[in-house]
Amino acid sequence: MLDEAGNIVQISKTLSLNANSLFEYTLGEFHYNAKEDTLDVKSGGASVIGFLLYVPLSILGVIITCVLERLMAWPFGLGKHYGGMIWRTNMVSQILMRIAYVPLYAVVFRQYWNAVIFLEILIYAGEFLFYCRRMDGVSRIRILLYTVAANSLSLLISLVFYKLYH
């Protein structure tokens, strides 16, 4: 905030102009309370169109991830014996990730990448532990390398899509 002479009187904390939940949209009306250093973002409520787009885009994301991670199994020698299990594991983990994203974004993080990074850490760890239990005769190092490579590739692809459309 500046006084009438242009001198800095107060610097606010970083404030977000985003709506309060995932599918809400803003009306472009913002009210700042300098005494409490808070910002009220006026929203138009939940966007049905946003939700309706989230579902097919999530399904597409699940399919792309499953295909990528299934293909990544071949260079690690896992495609022939474990390809089906890898596909099913990724279907479950990706569906759970997209379901968990909605409340995590709305309640905890309110930033896309914070929620995604948190969920990806859970996916990396969960898939690694699951594969260690289910892939008989495969070294933990190979499982770790596969898990990191496959999940990092799908994360990188999602970053590219995110950057293209935001």
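User: Is Tyr146 buried, partly exposed or exposed?

Analyst: This is a predicted model, in which local features need pLDDT of at least 70 and side-chain atom pairs count only at pLDDT 80 or more, while totals for chains, interfaces and linings use all residues. Residues are numbered from 1 along each chain as its sequence is written, and side-chain values use heavy atoms, with hydrogens and water left out. A residue is called buried under 20% relative accessible area, exposed over 50% and partly exposed in between, judged with a 1.4 Å probe and protein chains only. Since the relative accessibility of Tyr146 is 1%, the class is buried.

User: How many aromatic pairs are found in the whole structure, and how is the pair of Tyr54 and Tyr101 classed?

Analyst: Rings of Phe, Tyr and Trp (its six-membered ring) pair if their centres lie within 6.5 Å, and planes under 30 degrees apart count as stacked, over 60 as edge-to-face and the rest as tilted. The search of the whole structure gives 4 aromatic pairs. For Tyr54 and Tyr101, the centres are 6.4 Å apart and the planes meet at 15 degrees, so this pair is stacked.

User: Which helices hold Tyr54 and Tyr101?

Analyst: Helices here are DSSP runs (H or I, at least four residues), as are strands (E, at least two), and both are numbered from the N terminus. Tyr54 and Tyr101 are both buried. The two are 47 residues apart, and their pair links distant parts of the chain, namely helix H1 and helix H2.

User: What span does H1 reach from its first C-alpha to its last?

Analyst: The expected span of a helix is 1.5 Å times one less than its number of residues. H1 has 26 residues, for which 38 Å is expected, and the span in the model is close to that value, at 38 Å.

User: Is Lys13 buried, partly exposed or exposed?

Analyst: Lys13 is found in the segment before strand E1 (24-33), and its C-alpha atom is 28 Å from that of Tyr165, which is 152 residues away along the chain. With a relative accessibility of 48%, Lys13 is partly exposed.
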